[in-house]
Amino acid sequence: MSEFLVSLLGERLVNSEKAEVDVQSLGARLSLVGLFFGCSLNAPCKQFNGSLCEFYSRFKKASEHKDKLEVVFVSSDQDQKHWQDFLQEMPWPALPFKDRHKKMKLWNKYKVTSIPSLVFVDAATGKVVCRNGLLVVRDDPKGLEFPWGPKPFAEVVAGPLLRNNRQTADSSSLEGHYVGVYFSAHWCPPCRSLTRVLVESYRIVKESGHKFEIVFISADRSEESFKQYFSEMPWLAVPYSDEARRSRLNRLYGIQGIPTLILLDAEGRVITRQGRVEVLNDPECRLFPWHPRPVLELSEANAVQLHEGPCLVLFVDAEEEGELEPAKELIQPIAEKLMAKYKAKEEETPLLFFVAGEDDMTDSLRDYTNLPEAAPLLTILDMSARAKYVRDVEEITPAVVEQFVNEFLAEKLKPEPI
């Protein structure tokens, strides 16, 4: 366990007294680590830090598991004094200010897209136990549900569900169905846009004979807004009044933003967290239930995924969609191999794969990342770290791509700034 934590966090952390904390000895007793991603200049982070301090103090004093949990602050501060001042408010250790590489690796590994964020991970393996620790602090203030591990969807959603004709259905009616868990709200314009498309997708999938249902988890700000929005939806919803169940579902899937559509198979296992992208990219629902594809053609609909972690992007000289097929076929075996490797470890793949042709969006991406005009051009873009890796060679072969990927994963490539 200790050896793994050292590889994850480094050999030394620091505390508010500027003393070093030995990770090796720290890890000997832990079963869970809460990674607190935040910044001293962010008001919600400051506010959450107060709540987390209260939670932590209560847990360390009263819980029978008090020695099994530690929190580690992973800062995005750019100013050391601001960081140090914020650390003074914390009873737990932090990654050293200067260890920016380790911080960015953690941001990417756990796909953190907003702050504050608290991710609970298994101290022995680094696997995510609970992605949305903010809700743990709010919903379980005494830490009675430690270690807050994932429960089956059927257990978390259990209870009555609504239809917009005021009838109810029990959650057991979802058994044997593909299920879309839809986190959305009327006040959110992208949500309303997606809902209009999703209504048609729902109809198409149902009419094609698939056993498919959607469950709406509202983030509306009032019962009235919920009712108005839900009246547009032909599927089921968790009652707005059942805030505890809605919160448990948010916690189960670590929802960091809306709209989010998560697709589950008939056994309740996640097929994809990118339901929004899939629905927008596949209006005729030909690819339902939208199992993850190893290689995607870069589009406006899926470009948001460029911000969710490192992405390999192969730029080619092609203006039509069909012309991208040879490029996809070239890198697909490498992408499939990587997906299979990490799926076997029950981990998310550390690299997404795209091919990009010639269009306005691709031109904008090249301009933004200051890439050379060459095509084909092999790149890895890490937008959150504002870093890029470029392999500009005359001929791109599977061997070239595989070597590039392996060197990146082994941290042998030197990043260029974006």
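What covers the buried residues of α14? The cover includes β15 (311–315), α12 (325–344), β16 (352–356), β17 (377–382) and β18 (387–391), where helices (H or I, at least four residues) and strands (E, at least two) are DSSP runs numbered from the N terminus, and contact means heavy atoms within 4.5 Å. The model is predicted, so local features need pLDDT of at least 70 and side-chain atom pairs count only at pLDDT 80 or more, while totals for chains, interfaces and linings use all residues. Residues are numbered from 1 along each chain as its sequence is written, and side-chain values use heavy atoms, with hydrogens and water left out.

The residues of α14 that are buried are Val400, Val401, Phe404, Val405 and Phe408, buried being under 20% relative accessible area, exposed over 50% and partly exposed in between, with a 1.4 Å probe and protein chains only. Seen down the axis of α14, these buried residues fall within an arc of 130°, so they line one face of the helix; the arc is that of the directions from the helix axis to the C-beta atoms. Just after α14, Glu411 takes a positive phi of about 60°, and Ala410, in the loop between α14 and β19 (416–417), is partly exposed with a relative accessible area of 44%.

Because Glu402 lies in helix α14 and Lys337 in helix α12, the pair ties together parts that are 65 residues apart in sequence. Glu402 counts as partly exposed at 29% relative accessibility, whereas Lys337, at 55%, counts as exposed.

On the scale of the chain, the domain assignment, which is automatic or from a database, gives domain 1 (1–139), domain 2 (153–281) and domain 3 (296–417). The C-alpha centres of domain 1 and domain 2 lie 32 Å apart, and their contact takes 12 residues from domain 1 and eight residues from domain 2. Between these two domains the buried area, meaning the accessible area (1.4 Å probe) that two parts lose on being put together, summed over both, is about 770 Å², of which carbon and sulfur atoms give 43%. Arg131, Asn132 and Leu135 supply 47% of the area that domain 1 buries against domain 2, more than any other three residues. Between domain 1 and domain 2 there are zero salt bridges.

Notes: A salt bridge is a side-chain nitrogen of Lys or Arg within 4 Å of a carboxyl oxygen of Asp or Glu.
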